Amino acid sequence: MSAGVEEKTEVDVVVVGLGPGGEALAAGLAREGLAVVAVDERLVGGECPYFGCVPSKMMIRGADLLAEGRRIPGMAGSSVIEADWTPVAKRIAEEATDNWNDQVAVDRLVDAGVEFVRGHARLAGERTVEVGGRLFTARRGVVLNTGTAPGVPPIDGLADAPYWTNRDAVQLTNLPASLIVIGGGAIGCELSQAFSRFGVSVTVLEGADRILALEEPEASRVVSEAFGRDGIQVLEGVSITSVEYADGRFAVRLGDGAEVAADKLLVAAGRSPNLSDIGLESVGLDPTARTIDTDDQMRAADGLWVIGDITGKGAFTHMSMYQSAIATASILGREGGPRAEYHAVPRVTFTDPEVGAVGMTEKQARDNGLDVRTGFVDIATSTRGWIHKVGNEGFIKLVEDASRGVLVGATSAGPNGGEILAGLAVAVHAGVPTDRLRAMIYAYPTLHRAIETALSDLAA
């Protein structure tokens, strides 16, 4: 027993990290009669309910309502819109986060039969976890779900400045007059547009040659154009040499010598895995790795399962929950249980227009040596887009492996883009032949009916 360990306990499973997937797994195993210990040093529920998906979408919902109100003239009368952040902040604090208190989530775990331990856990050998002077050994094994933290790029002066991350942004009760956002990925774009629609002057700095660089170029273009209409300044392909903070103002100096100034600075430059101080070396794994490899049952080693962001398959709540169900079945030894597949991972960026995507982009498909054929339709020119009129910007893009006649990727951008994605995700996941998709009946007049037109373009 290592120095400082005062108590040793044997259980069936130890779960380290209680984001959505870890919480669901721990509770599920306990309900099956296993003795489960669950450990987290932060809030039970993870990033999503307190700092990510839930509060940010409340912000976006409010921002989108403002945008819709501003679209009334010429369509349904006249409107005068006065933005007020107060009800948004109130909803986040009271409805979403209980003022960033996780007691409800802790009680939910305990009621399921889980022993909850608050603290920093470290692996201390095979099937062994040490936390707060206690040593737990697991008969069946350990599950790691330690997640990620906001990434902070090594920019001169940044570490000493009072910058924000998403965790600060969702806790605001008052908004600044101006804001610089470092990072034009999904998080940066979503928060930038939300704040802009509430009256904040926003500048986005993106190092890649386009925002939303992981998505189709058409998605980057349609969102960038929407940002222009919202008054958001987008600077793409820029490098940042330094950050200065003085007299309540931030100054960000760019590689070309230009300088951007604002009252506040939000860093949305990706995520960093929580792997460096959890004892991976004690089980033969690399503590400097950015991800942990697993098999299709989420096993990284004998008696060790890994789920969530740190598997590198997508930092999404739905990915964590998907992997959680697979690991649960594996731990319980269920024959014929589910196996992990990642060819049809869905993702949604909740900008306006909303960008839903599944599977591979056109570039990824070509890089994988596929015989690629694409189909495209502009939502604005489709029947429902024409009826919708203002706010109808978007498109549907299909990526087909022509040699097999199946979709390997698709993007649905526009009003309710993430909802329209559902049918495309089924097609990619199940490998539905595009000939069968063309034979379907598509309801009229819907936005999703544009899929039929994109399929026609695919065959042209």
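In the predicted model, the count of aromatic pairs comes to 6, where rings of Phe, Tyr and Trp (its six-membered ring) pair if their centres lie within 6.5 Å, with planes under 30 degrees apart counted as stacked, over 60 as edge-to-face and the rest as tilted. One of these is formed by Trp 85 and Phe 198; the ring centres are 4.9 Å apart and the planes stand at 90 degrees, so the pair is edge-to-face. This pair links distant parts of the chain, as Trp 85 lies in the loop between helix 3 (53-70) and helix 4 (86-96) and Phe 198 in the loop between helix 7 and strand 9, 113 residues apart. Both Trp 85 and Phe 198 are buried (buried, under 20% relative accessible area; exposed, over 50%; partly exposed, in between; 1.4 Å probe, protein chains only). Ring pairs also join Trp 85 and Phe 198 with Phe 195 in a cluster.

Local features require pLDDT of at least 70 and side-chain atom pairs count only at pLDDT 80 or more, whereas totals for chains, interfaces and linings use all residues. Residues are numbered from 1 along each chain as its sequence is written, and side-chain values use heavy atoms, with hydrogens and water left out.

A further aromatic pair, Tyr 245 with Phe 250, is tilted, at 4.6 Å centre to centre and 50 degrees between the planes. Tyr 245 is partly exposed, its relative accessible area being 37%, while Phe 250 is buried at 1%. The charged end of Arg 167 sits over the ring of Phe 51, 5.9 Å from the ring centre (criterion: NZ of Lys or CZ of Arg within 6 Å of the ring centre and within 35 degrees of the ring normal).

An open sheet of 4 strands has the order 10-9-8-14 with parallel pairing; strands pair if DSSP finds at least two bridges between them, and helices (H or I, at least four residues) and strands (E, at least two) are DSSP runs numbered from the N terminus. Strand 10 (233-236) and strand 14 (264-267) are the edge strands, each pairing on one side only. Neighbouring strands are turned by 15 degrees against each other on average, direction ignored; axes are lines fitted to C-alpha atoms, for helices over the stretch in contact, with angles from 0 to 180 degrees between N-to-C directions.

Strand 9 (residues 201-206) runs parallel to strand 10 and is joined to strand 10 by 4 bridges. Glu 206 has Glu 236 as its bridge partner in strand 10, and Thr 203 has Gln 233.
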